[in-house]
Amino acid sequence: MKSAIGYVRVSTREQGRSGLGMAAQAEAVRRFAEAEGFELVEVITEVASGKLGLDDREGLRDALAKAHKARCPVIVAKLDRLSRDVAFISGLMARGVPFIVVELGVDTDPFILHLFAALSEKERKLISSRTRAALAAKKAEGAMLGNRTNLDEARKKGQQANREKALEFAEKVLPTIRQHRGQGMSLGAIADQLNNLGVKTARGGKWYATTIKNVLEMAA
């Protein structure tokens, strides 16, 4: 069986604490490796902005070094987990370590990788440009950005946003919880499973039987 190194990255500490983004990427990489006949030697995780250079991406450097030593590819779930910068992607490819992107498939050649990197970079620049233009237009119209006066209303909106965020989080983990419940697992066993996978609660904590119960009741 062919060897490979998995690489998983999220951009923010919040995403790292929740564990959801990392768990989803790691699962995608594992499933892809199994389907394509790769043995994952290791899955390396990292919390870092994709805008950082390689010198500031310890996890990626580690993945590159281990893949180079083992003479095997690095598998990532999506190309933007490496970067949205064409020059950065080109620099990585020039190091001689092949990359396999799950969403693009095992047979994607370097030209296609460059093409998708260019499209990703263009998309990032367009989003940034639109955001700046929208804010500038609002200021030009005399709009006050932010809520500086109605604190009660802002507080209520914040509470509502927190409730919606909690519900959104619950909906993400609910399929996994229901699947385990359907297999006869207890609430405590499901909590242990999520903790072992590195998945955090909405507040970045550990799972317990009571938190599993709360998620099920919230989604009822």
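This is a predicted model: local features need pLDDT of at least 70, side-chain atom pairs count only at pLDDT 80 or more; totals for chains, interfaces and linings use all residues.
Residues are numbered from 1 along each chain as its sequence is written. Local features need pLDDT of at least 70, side-chain atom pairs count only at pLDDT 80 or more, totals for chains, interfaces and linings use all residues, and side-chain values use heavy atoms, without hydrogens and water.

The protein chain holds 8 helices and 4 strands (DSSP runs, H or I of at least four residues for helices and E of at least two for strands, numbered from the N terminus). Their order from the N terminus is β-α-α-β-α-β-α-β-α-α-α-α. Of the 220 residues, 30% are buried (buried is under 20% relative accessible area, exposed over 50%, partly exposed in between; 1.4 Å probe, protein chains only). The accessible surface is about 13,800 Å² (Shrake-Rupley method, 1.4 Å probe). Carbon and sulfur atoms account for 52% of that surface.

The count of salt bridges is 5 (a side-chain nitrogen of Lys or Arg within 4 Å of a carboxyl oxygen of Asp or Glu). R81 pairs with D80, with the closest N and O atoms 3.0 Å apart. R81 is buried at 16% relative accessibility, and D80 is buried at 12%. Shared partners join E42, D62 and K66 into one salt-bridge network.

E27 and R31 form a salt bridge at 2.9 Å, N to O. Both lie in helix α2 (residues 20-36), 4 residues apart, so about one helical turn separates them. E27 is partly exposed at 34%, whereas R31 is exposed at 58%.

K66 and E42 form a salt bridge at 2.8 Å, N to O. K66 belongs to helix α3 (residues 58-70) and E42 to strand β2 (residues 38-47), so the pair ties together parts 24 residues apart in sequence.
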